[in-house]
Amino acid sequence: MDNEKLKWEITGKRKLLHTPVFDVIEQAEVSATGIKGDYIAMEAHDWAMVIPELDGDFLMVRQWRHSSESMTLEFPGGVVDRGEEPAEASRRELLEETGFEAGELKHLGTCYPNPALFKNRFHVFLARDLVATGKQALDDDELLTYERVPIDEVVRGYGKGELTHALMGTALAFYLISRG
């Protein structure tokens, strides 16, 4: 089958649910071959994650994740606010969660976190030349700590213990690709 016959066209949309984090949308669609169906999609702001590199270590955050009911160790990150560029969001999240500012910020990659369900994109940046301000600026309901972890420990340990956040793994893959 040629690629054009794999495509679907959205013929209608209906919002099923609005939440503070995402909206659930039902999409009426028709394939190029005439198949019709209703499919669920989630509309959310883009997400950004920053990999802070500091003298052979990563600067990482430890926090409780409500859905998995587990503690995770991951790179700082969060939602790209309306009107904000992903690079700005990465700088902001780094400062808010760790109290460090990035002297250098490099875009490593962008992907869809789960294109089967989510419409948003996930942006990954590398932060170097970090400067400590000594002040975190956490959200009212945000409880986390930050720590330095050797890079090789994170690479070898990914997928085990507290290093199980899939988007963190994607960011780590972008990082390793950038290193060749």
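Mentor: A term to start with: helices (H or I, at least four residues) and strands (E, at least two) are DSSP runs, numbered from the N terminus, and two strands pair if DSSP finds at least two bridges between them. This is a predicted model, where local features need pLDDT of at least 70, side-chain atom pairs count only at pLDDT 80 or more, and totals for chains, interfaces and linings use all residues. Residues are numbered from 1 along each chain as its sequence is written, and side-chain values use heavy atoms, with hydrogens and water left out.
Trainee: OK, which residue in S2 is the bridge partner of Lys15?
Mentor: Ile25. Strand S2 covers residues 23-31 and runs antiparallel to S1, with 9 bridges joining them.
Trainee: What order do the strands take in that open sheet?
Mentor: S1-S2-S3, with antiparallel pairing. S1 (8-18) and S3 (36-43) are the edge strands, each pairing on one side only.
Trainee: And how many bridges hold S5 and S6 together?
Mentor: There are 5, again antiparallel, between residues 57-65 and 70-74. Val61 has Glu74 as its bridge partner in S6. The hairpin has 4 residues between the strands, and Glu69 there takes a positive phi near 50°.
Trainee: Switching topic: how many helices and strands in the chain?
Mentor: 3 helices and 10 strands.
Trainee: What share of the residues is buried?
Mentor: 40% of the 180 residues, where buried means under 20% relative accessible area with a 1.4 Å probe, protein chains only.
Trainee: And what does the C-alpha trace span?
Mentor: About 55 × 40 × 30 Å along the principal axes.

Notes:
Buried < 20%, exposed > 50% of the residue type's maximum accessible area, 1.4 Å probe, protein only.
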